Amino acid sequence: MALLERSESYGEMQRVVDYLFKNTPIVERLDVILAAETFDVCADMREIVELLPPGAYTRIALCQQMNSSIAGHGWGYTYGTVE
């Protein structure tokens, strides 16, 4: 059985979330997409962002949605979850 390793991209989505909610309580899906592109997140995490349904998100709602997708792909250990 292969050992899991953390990616060099581990935690990059947490930086995106922290940036997004630095000065506002609600963000739009497009804000998340643009921030992910700005931070040049890896392809797997761009996929997670692209899976977000259209709408406005509080930090809690965004994190729940993203963590659900991250867990569904089995990437929690490799890339980390967000809070």
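**Before you click**

What you have loaded is a predicted model, in which local features need pLDDT of at least 70, side-chain atom pairs count only at pLDDT 80 or more, and totals for chains, interfaces and linings use all residues. Residues are numbered from 1 along each chain as its sequence is written, and side-chain values use heavy atoms, with hydrogens and water left out.

**Stop 1: the whole chain**

Show the cartoon, and you'll find five helices and two strands. Here helices (H or I, at least four residues) and strands (E, at least two) are DSSP runs, numbered from the N terminus. Trace the chain from the N terminus and the order is α-β-α-α-β-α-α. The radius of gyration, taken over C-alpha atoms, is 12 Å, close to the 12 Å that the globule rule gives for 83 residues, so the protein is as compact as a globular protein of that length. That rule is 2.2 Å times the number of residues to the power 0.38.

Now colour by accessibility. Buried residues make up 39% of the 83; buried means under 20% relative accessible area, exposed over 50%, and partly exposed in between (1.4 Å probe, protein chains only).

**Stop 2: helix α2**

Select 29-38, which is α2. Which residues of this helix are buried? They are Val32, Ile33, Ala35 and Ala36. Look down the axis of α2: these buried residues fall within an arc of 165°, so they line one face of the helix. The arc is that of the directions from the helix axis to the C-beta atoms. On the other side of α2, Leu30, Glu37 and Thr38 are exposed. Next, bring up α1 (12-20), β1 (26-28), α3 and α4 (59-73), against which the buried residues of α2 pack.

**Stop 3**

Select phenylalanine 39, in the loop between α2 and α3. Not counting residues up to four places away in sequence, phenylalanine 39 touches Arg15, Val16 and Tyr19; contact means heavy atoms within 4.5 Å.

Move on to aspartate 40, also in the loop between α2 and α3. Aspartate 40 counts as exposed, at 60% relative accessibility. Check its backbone, too: phi is near 55°, a positive value in a residue other than glycine. Most residues other than glycine have a negative phi.

**Stop 4: helix α3**

Select 43-50 for α3. Its buried residues are Met45, Ile48 and Val49. Seen down the axis of α3, they fall within an arc of 100°, so they line one face of the helix. What covers them includes α1, α2, α4 and α5 (76-79).

**Stop 5: glutamate 12**

Finally, select glutamate 12, in helix α1. Glutamate 12 is buried, with a relative accessible area of 11%. Which residues is glutamate 12 in contact with, leaving aside its neighbours within four places in sequence? Show Asp40, Val41, Cys42 and Met45. You've already met two of these: aspartate 40 in the loop between α2 and α3, and Met45 among the buried residues of α3.
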